[in-house]
2 protein chains.
Amino acid sequence: MNLKPIQLFDTESSTFTYILATQAGGEAVLIDPVDEHWERDLEHLRRLDLKLAYVLETHAHADHVTSAGKLRELTGAKAAVPSGCGIPPADVQLNDGDVIRFGGEEILVLHTPGHTAGSMSYVWRNNVFTGDTLLINACGRTDFQSGSADALFDSVTKKLFSLPDDMLMWPGHDYKGQVVSTIGWEKQHNARLATRSREEFVQLMAELDLPKPKRIDVAVPANQNLGLPHSV
Amino acid sequence: MNLKPIQLFDTESSTFTYILATQAGGEAVLIDPVDEHWERDLEHLRRLDLKLAYVLETHAHADHVTSAGKLRELTGAKAAVPSGCGIPPADVQLNDGDVIRFGGEEILVLHTPGHTAGSMSYVWRNNVFTGDTLLINACGRTDFQSGSADALFDSVTKKLFSLPDDMLMWPGHDYKGQVVSTIGWEKQHNARLATRSREEFVQLMAELDLPKPKRIDVAVPANQNLGLPHSV
């Protein structure tokens, strides 16, 4: 677990943003930056003397707005997004198996649908960034925005749980102060997915009866435009 | 900047706790754990299959209570503390230049007085954990608990600023959502210490006129007992 990301947090939406980098003066990648924190994120890049190569989105978020478009304008970084998320202004539309290269490093793109149909996870060295597909001892909801409990079950049990047991798992959110897990622990203990059959999991997710996310009607269209104002 | 710590946060006191580890199944060190989060911290150790070797304190905190004593009881880890902080129940009393060894790794102990007379910073690979001596674009207060602006000026400008410019600087607190800096950036830009003379810095610190920390009368004696209840 040698190479870890820098992890930042938005207390409003409990969203994690990640900075991937290996050396001061080198290139960096940001995953899931939050609109309100674009200055904080740029300050980190400046302090660590990092050149932003890519901004990655794991999906089109329903609970916060991305700063990907703004950061692209300010830094010249490329915005790379899942091809199935309807984000046409991005520079790169990512598909399963694609590799993103920055500063001698490689990030593998894994299509992990379920929270949304387009959701991606990103593997960098011994770390996987699972967005809202797999959370620590939990998983993302599957009841809106092209979500599918069936698809999420496959994404987690077939794709993510096939990664090495000691791989660090960095989620898109946490609501209990936890910050990191491992694939091995989630495979054995995840409260929703470790021991349930597909049918039991689909039934559980159908019965959650969660409220509609407060910001979804604003956030999703905004995120499909990289967080930039829509031209009139 | 390859080897980074895992960084945890206490929203109540804005305190950072750090987990240092290199591989699942190996040994780990915790720096400045917070009483209320001992279960969260143990959950991280369990999920990453880490054996806690040491709990380190940077100083006897005035704003929160440590869980060092509790974690020692529950895990068998040793509590290692600055020798000048009046924490007699600790297993190891640390002095400047000492080296702490865990899982093939080394942590160098640097005495950096100023926030308190005993305050230590810890250097692990390309990371330094500065406690409340040096904060991101700021520094700890020096007006109580054996603090000294004079001593802090020396600790930062002579000791911490002598570390490599690209060394990551992980503070004991942040109040603005920042999480990490570098020695080089702080040396050039730190709002309190980058450009001031000793006299200007001492005067600035004397004029801050900060309120007394709410929990100091409870927290300091508790921390001098590793956060354990005092025997009657």
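**Exercise 1. Describe how chain A and chain B meet.**

Step 1: count the contacts. In this predicted model, 31 residues of chain A are in contact (heavy atoms within 4.5 Å) with 31 residues of chain B.

Step 2: take the area. The two chains bury about 2500 Å² between them. Of that, 60% lies on carbon and sulfur atoms. Buried area is the accessible area (1.4 Å probe) lost on putting two parts together, summed over both.

Step 3: look for salt bridges, with a side-chain nitrogen of Lys or Arg within 4 Å of a carboxyl oxygen of Asp or Glu. The count between chain A and chain B is 0.

Step 4: locate chain A's side. β1, α1 (38-47), β13 (168-170), β14 (181-182) and α4 (183-189) of chain A each give two or more residues. Helices (H or I, at least four residues) and strands (E, at least two) are DSSP runs, numbered from the N terminus. The largest share, 5 residues, comes from α1(A).

Step 5: sort by class. This side has 15 nonpolar, 9 polar and 7 charged residues.

**Exercise 2. Find the residues around the largest cavity.**

Step 1: name the lining. It includes Pro5(A), Trp170(A), Pro5(B) and Trp170(B). A cavity is a set of points on a 1 Å grid over the protein atoms alone where a 1.4 Å probe fits but cannot get out; lining residues have an atom within 4 Å of a point.

Step 2: assign elements. β1 (6-10) of chain A and β1 (6-10) of chain B each give two or more residues.

**Conventions.** Residues are numbered from 1 along each chain, and chains are lettered from A in the order written. Local features need pLDDT of at least 70, side-chain atom pairs count only at pLDDT 80 or more, and totals for chains, interfaces and linings use all residues; side-chain values use heavy atoms, without hydrogens and water.

Conventions: On a 1 Å grid over the protein atoms alone, a cavity is a set of points where a 1.4 Å probe fits but cannot get out, and a pocket is an open set with protein on both sides within 12 Å along at least five of seven lines; lining residues have an atom within 4 Å of a point. Ala, Val, Leu, Ile, Met, Phe, Trp, Tyr, Cys and Pro count as nonpolar, Asp, Glu, Lys and Arg as charged, and the others, Gly among them, as polar.
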